[in-house]
Amino acid sequence: PEARETEPAGIVGNKVFGTCLPKEGSLRAFIYDLTSASFTTIEEPPAPLIFPIPTGLSGDTLVGFSNSATVMHGFFYDIPTHKFTIFDHPNAGKDQSPQHDTPGTLITGISANTFCGYYRDDAGTPHGFLCDRQSRQLTPIDHPRASSPAGTCITALSGQTVIGYYTQSSATHGFLYDLSSKQFTSLDEPAASHNMQPAAIS
């Protein structure tokens with residue numbers, strides 16, 4: 001209610017999450033409960049997290065990514081304890097160059113105890129992954145047709161289905177990936193000329 005700007009990013013059950021810009025201070029994440037009509041504004045994250053972008057909510061866990069000027073970092077936020085936890089993929093790049101996109105890790109969604117996202121290596125190439133929150137076991141997901149340095153971006157997860165996109169020969173293609181069968185399914189709108197980037201699944 002006191003924000004200069006409010007931008008919802010998603011909804012899970014009766015909770016909406018997104019970002020807001022308070023009258024004073026920097027960009028914050030928020031959660032809005034539709035049942036109680038109440039806002040919860042998340043406190044500013046600790047360094048090196050700057051400008052948190054929430055991308056998913058599961059139970060009491062909010063996930064997303066944040067920029068620290070030169071490197072992206074994934075994060076978890078535990079709502080009851082008000083605690084941020086940084087997650088960086090071990091293969092994520094750490095040094096930015098003028099020729100490449102910002103390196104680092106982006107968490108783009110969560111389903112139960114599994115979160116998804118992608119990281120950019122030192123060459124700027126994105127690689128998709130899944131990770132078990134408790135064990136930290138990583139599962140790589142790279143589309144076999146993805147060309148370098150465009151790579152594969154995972155954008156959301158629901159149960160056993162992952163969605164994302166990859167680039168081949170300057171054209172971007174959407175896909176579904178079934179975790180049980182480990183099969184990719186193309187997801188391209190027939191009317192799309194050369195770009196398809198699915199963003200959410202429920």
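This passage describes the overall form of a predicted protein model and then several of its residues in turn.

The structure is a predicted model, in which local features need a pLDDT of at least 70, side-chain atom pairs count only at pLDDT 80 or more, and totals for chains, interfaces and linings use all residues. Residues are numbered from 1 along each chain as its sequence is written, and side-chain values use heavy atoms, with hydrogens and water left out.

The protein contains 0 helices and 16 strands. Both kinds of element are DSSP runs numbered from the N terminus, a helix being H or I over at least four residues and a strand being E over at least two. The C-alpha trace spans about 45 × 40 × 35 Å along its principal axes. The radius of gyration of the protein is 17 Å, which agrees with the value near 17 Å for a compact globule of 202 residues. This radius is taken over C-alpha atoms, and the globule rule is 2.2 Å times the number of residues to the power 0.38.

Of the 202 residues, 43% are buried. A residue is called buried under 20% relative accessible area, exposed over 50%, and partly exposed in between, with a 1.4 Å probe and protein chains only. The accessible surface of the protein comes to about 10,400 Å², and carbon and sulfur atoms hold 51% of that surface. Accessible areas come from the Shrake-Rupley method with a 1.4 Å probe, and for residues only the protein chains shown count as cover. Among contacts with a separation of 6 or more, 33% are between residues 24 or more positions apart; a contact means heavy atoms within 4.5 Å.

Two buried residues were examined in separate strands. His127 belongs to strand S11, residues 126-132. His127 counts as buried because its relative accessible area is 17%. The side chains of His127 and Asp121 are joined by a polar contact of 3.0 Å. A polar contact is a pair of N or O atoms within 3.5 Å; within protein, one atom must be able to donate a hydrogen and the other to accept it, and residues adjacent in sequence count only if both atoms are side-chain atoms. Residues up to four places away in sequence aside, His127 touches Asp121 as well as Gly117, Tyr118, Tyr119, Ile141, Asp142 and Thr152. Phe175 lies in strand S15, residues 171-178, and is buried, with a relative accessible area of 0%. Phe175 and Tyr165 are 10 residues apart along the chain, and their C-alpha atoms are separated by 5.8 Å.

Two further strand residues are partly exposed. Thr40, in strand S4 (residues 38-41), has a relative accessible area of 38% and is therefore partly exposed. Apart from neighbours within four places in sequence, Thr40 is in contact with Ala29, Phe30 and Ile31. From Thr40 to Thr114, 74 residues apart along the chain, the C-alpha separation is 24 Å. Phe51 is part of strand S5, residues 50-58, and at 47% relative accessibility it counts as partly exposed. With neighbours within four places again left aside, the contacts of Phe51 are Ser26, Leu27, Phe65, Ser66 and Asn67. Phe51 and Cys153 are 102 residues apart in sequence, with 21 Å between their C-alpha atoms.

The remaining residues lie in loops. Ala112 is in the loop between strand S9 (104-111) and strand S10 (114-120). Ala112 has a positive phi of about 55 degrees, although it is not a glycine. With 56% relative accessibility, Ala112 counts as exposed. The loop between S11 and strand S12 (138-141) holds Arg136, and Gln134 is found in the loop between S11 and S12. Arg136, a residue other than glycine, also has a positive phi, near 65 degrees. Arg136 is partly exposed at 36% relative accessibility, whereas Gln134 is exposed, with a relative accessible area of 57%. Gln134 and Glu44 are 90 residues apart along the chain, and 25 Å separates their C-alpha atoms.
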